[in-house]
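The following questions and answers examine one protein model at the level of residues and secondary structure. Please keep the sequence and the 3D view at hand while reading.

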Amino acid sequence: MKLDNIDKRILRILQREGNIQNNELAKKVGLSPSPCLRRIKILEDAGFIKQYVALLDKKTINKQLIVYVRIKIDIANTNSAAIERFIYEVKLLSQIQECYVMAGENDFLLRVLCKDLEEYRSFQVNTLALLPGVCNIRTEIPLQVVKWTTEIDI
């Protein structure tokens, strides 16, 4: 499916205002409500819109410490089943918001969200360090958020 300018405008607006009323969205993109709703349904069915979410304020819910964790797996002493078990366990941990398999020096990169350093340290020692195959954990803590967005340029 090729996106036209109206589709792109719809997607841009929905990324910023996911709970916008259809009537208002239609007005902003220059359509009447019914065709606008049809286009949204087509964009959803085509997979352009994956889901709708509410972005919570980390400070308000007291989970404002973002930690990036680089994990190295002991490949020499770990089989593929242990790596799959590591991945399975990571998916179950609510503190981990993102997990990537990496090329390069480290095997995994995690983005962890915690209340404070004490909570993170406990999570690191009592959970991360005990995951299958983990041989090295490097923690990096950002000092300031310069840019944060969920929008994808269209």
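Q: Leaving aside its neighbours within four places in sequence, with which residues is Asn106 in contact?
A: This is a predicted model, in which local features need pLDDT of at least 70, side-chain atom pairs count only at pLDDT 80 or more, and totals for chains, interfaces and linings use all residues. Residues are numbered from 1 along each chain as its sequence is written, and side-chain values use heavy atoms, with hydrogens and water left out. Contact means heavy atoms within 4.5 Å. Once neighbours within four places in sequence are set aside, the partners of Asn106 are Arg70, Ile71 and Lys72.

Q: Is Asn106 buried or exposed?
A: Asn106 belongs to the loop between β2 and β3; helices (H or I, at least four residues) and strands (E, at least two) are DSSP runs, numbered from the N terminus. Buried means under 20% relative accessible area, exposed over 50%, and partly exposed in between, with a 1.4 Å probe and protein chains only. Because its relative accessibility is 9%, Asn106 counts as buried.

Q: What is the order of the strands in the open sheet?
A: Two strands pair if DSSP finds at least two bridges between them. The edge strands, each pairing on one side only, are β2 (96–101) and β4 (134–140). The pairing is antiparallel, and the four strands have the order β2-β3-β1-β4.

Q: Over how many bridges do β1 and β3 pair?
A: Strand β1 covers residues 65–73 and strand β3 covers residues 108–114. Tyr68 stands opposite Arg111 in β3. The two strands pair in the antiparallel sense, and the number of bridges is seven.

Q: Which residue in the turn of the hairpin of β2 and β3 has a positive phi?
A: β2 and β3 pair in the antiparallel sense over five bridges, and Ile96 stands opposite Val112 in β3. Six residues lie between the two strands of the hairpin. The turn residue with a positive phi, about 115°, is Gly104.

Q: At about what angle does helix α4 run to β3?
A: Axes are lines fitted to C-alpha atoms, for helices over the stretch in contact, and angles run from 0 to 180 degrees between N-to-C directions. Helix α5 (residues 117–126) packs on the sheet, touching β1, β2, β3 and β4, and its direction makes about 135° with that of β3. Helix α4 (residues 80–92) lies across β1, β2, β3 and β4, and its angle to β3 is about 25°.

Q: Which residues of α5 are buried, and why do they line one face of the helix?
A: What covers the buried residues of α5 includes β1, β2, β3 and β4. Seen down the helix axis, the buried residues fall within an arc of 100°, so they line one face of α5; the arc is that of the directions from the helix axis to the C-beta atoms. The buried residues are Tyr120, Phe123 and Gln124.

Q: Which side chain does a polar contact of 3.4 Å join to that of Gln124?
A: At 11% relative accessibility, Gln124 counts as buried. A polar contact is a pair of N or O atoms within 3.5 Å; within protein, one must be able to donate a hydrogen and the other to accept it, and residues adjacent in sequence count only if both atoms are side-chain atoms. Not counting residues up to four places away in sequence, Gln124 touches Ala129, Ile137 and Thr139. The side chain joined to that of Gln124 at 3.4 Å belongs to Thr139.

Q: What separates the C-alpha atoms of Ile137 and Val69?
A: Ile137 is placed in strand β4. Leaving aside neighbours within four places in sequence, its contacts include Val69, Tyr120 and Leu128. Ile137 and Val69 are 68 residues apart along the chain, and their C-alpha atoms are separated by 6.7 Å.

Q: Which residues of α1 are buried?
A: What covers the buried residues of α1 includes α2 (22–29) and α3 (33–45). On the other side of α1, Asn5 and Arg16 are exposed. The buried residues of α1 are Asp7, Ile10, Leu11, Ile13 and Leu14.
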